[in-house]
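Trainee: I would like to go through the labels used for this model and see what stands behind each of them.

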Amino acid sequence: YFYDIANDYDYIFIEDVGKQAMSPFYQSALYRFFNELYKRKKYLFITANDTLQVLGGDEYWGAHVTRRVEDLCQLVEF
């Protein structure tokens, strides 16, 4: 599924990301998704009410996912 999205779309929008506890399985899947976008040089837009540091906490996305998001995105705070 990740490969289809990465192949079929140039721009990926993820709207209103919230902080919710994720299992290691979901953190791994999210990392694989972002990593695939990174490898294929796709554009990723994420909106959230929390900072990347909050979302990057171990109980949420985790540091490895956050690092990949930092590689993909330019942080803009309002």
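Trainee: Why does E36 count as buried?

Mentor: Buried means under 20% relative accessible area, exposed over 50%, and partly exposed in between, with a 1.4 Å probe and protein chains only. E36 has 6% relative accessibility, so E36 counts as buried. Before we go on: this is a predicted model, in which local features need pLDDT of at least 70 and side-chain atom pairs count only at pLDDT 80 or more, while totals for chains, interfaces and linings use all residues. Residues are numbered from 1 along each chain as its sequence is written, and side-chain values use heavy atoms, with hydrogens and water left out.

Trainee: What makes K39 and E36 a salt bridge?

Mentor: The term asks for a side-chain nitrogen of Lys or Arg within 4 Å of a carboxyl oxygen of Asp or Glu. In K39 and E36 the closest N and O atoms are 3.5 Å apart, so the pair qualifies. Both residues lie in helix α2, 3 residues apart, about one turn of the helix; helices (H or I, at least four residues) and strands (E, at least two) are DSSP runs, numbered from the N terminus.

Trainee: Which residues are linked with E36 in a network of salt bridges?

Mentor: K39 and R40 are linked with E36 in that network. For R40 and E36 the closest N and O atoms are 2.5 Å apart. K39 is exposed at 53% relative accessibility, whereas R40 is partly exposed at 31%.

Trainee: How are R68 and D71 placed in helix α4?

Mentor: They are 3 residues apart, which means about one helical turn between them. R68 and D71 also form a salt bridge, with the closest N and O atoms 2.7 Å apart. R68 counts as buried because its relative accessibility is 13%, and D71 counts as partly exposed because its value is 46%.

Trainee: How do you know that M22 is in contact with W61?

Mentor: Contact means heavy atoms within 4.5 Å. Leaving aside neighbours within four places in sequence, M22 meets this with Q27, L30, E59, Y60 and W61. M22 is in the loop between β1 and α2, and at 23% relative accessibility M22 is partly exposed.
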